[in-house]
Amino acid sequence: MKTEDWVSMLATGVEAIDPTRTARCHLLAIGGGLAGALALTGGFLRLNPALSHVVLEPMFWIREAYCASLALLGFTAVTRWARPGIRLGFVPAGIGIVVMVMWIFAATVLLRAPAQNRSHLVFGTTAAVCPFLIALVAAPLFIAFVWVLRGLAPTRLRLAGAAAGFAAGSLGALVYSLHCPELAAPFLGTWYLLGMLIPTSLGAWLGPRLLRW
Amino acid sequence: MHLPEEVEDLVQELLLAIHNQRHTYDPAQPLTAWVQAIARYKLIDLLRRRSRTNGLHDPLDHDHDHLAAADGDAAEARYDLAKLLQQLPHRQRLPIQYVKIEGSSVADAAKRTGMSESAVKVGIHRGLKALAGRIRSIE
């Protein structure tokens, strides 16, 4: 078929695009995914019974800020990689800085602690399940982000999938922290990060398959 | 990538992709960067598909007379399009035919098909997406 005919066919009767649609899809994905993650945490895992005391500790808010800032950066990466031709800008550096700050903090905590306490600071009591539970809580968010990316046009599929996984993982960690009793920085720098990286690698692996258009 | 038809196919696929994905364009962004990223994606897609099937092709001699015949007069184009459209369900084919090919308004098309106006728009949108998928699977 001639390209000229093709162009006139595509250009005939074109409807205007609603410019808010993309933003609404992103909000819907976050809302739906968060609802799923909260339901899993509240219904299946149960909230931390000590939550009302724990919120008074500064470490609780450091943990929330750690997860929230990574979630914000991850979500920014998703919205940017959802559109063709937009660069990531500050996002990778931002993620690096947040993780480095947490690691430096963890290292100082470990160095100051008496040697016999160090292993407990790293492993806490839930290290064996924590990354997997974070990945579980992140699952509805991951599905929501992949859904929104499928409606848009990512051009670097592996990276877009990884971004969806990281955003889901870090936001999932934020929700999971309502259940989790661990507050030590070495724990957060290891097992929380590992929990976020499970959906990230899953996204990088599935991205080219799920996001093609 | 030296066959002119293949380049033209790529251009058409690209135009369709730009049309179908126009909601992903952010007006604050340079248009060229957006178009180029889509073009790059579709080109890589084509090359990847080719690399998978290329081993199965026998090269033809391009100087042959029967290959030099001009292709693509209007009738042939209509025939190709009709063949593609035949594969779509009514709710997608008729809106595309009325609005996109015959050039009637969405309201008219809605009246002629008995569908609602928004159903016509959705039909066009989904139909074009489906066409994009068909074109890709033909190759």
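Two residues count as in contact here if their C-beta atoms, placed from the backbone, lie within 7 Å. Keep in mind that this is a predicted model.

With that cut-off in hand, select A:Ala167.

Now widen the view to the largest nonpolar core, which has 76 residues. A:Ala167 is among the members that touch the most others, along with A:Val78, A:Ile134, A:Phe145, A:Leu149 and A:Ala164. Colour helix H7 of chain A, residues 130-151, next: this helix gives the core its largest share, 14 residues. Then hop to chain B, where domain 1 (1-55) and domain 2 (73-139) both contribute residues, so the core lies between them.

Stay on chain B and pick helix H5, residues 90-101. Nine of its twelve residues are buried, so the rest of the structure largely encloses this helix. The buried stretch includes B:Arg93, B:Pro95, B:Tyr98 and B:Lys100. Following H5(B) comes B:Gly103, with a positive phi near 80 degrees.

Last stop: the contact between the chains. Select 22 residues on chain A and 30 on chain B. On the chain A side, helix H1 (3-11) and helix H2 (21-45) each supply at least two residues, and H1(A) gives the largest share, six. Colour that side by type and you get eleven nonpolar, six polar and five charged residues.

Key. Residues numbered from 1 in each chain as written. Chains lettered and ligands numbered in written order. Predicted model: local features only at pLDDT ≥ 70, side-chain atom pairs only at ≥ 80, totals over all residues. Core = buried A, V, L, I, M, F, W, Y, C linked by C-beta atoms within 7 Å. Buried ≥ 20, exposed ≤ 12 C-beta atoms within 10 Å, placed from the backbone. Helix = DSSP H or I, 4+ residues; strand = E, 2+ residues; numbered from the N terminus. Domains from an automatic or database assignment. Nonpolar A, V, L, I, M, F, W, Y, C, P; charged D, E, K, R; others polar.
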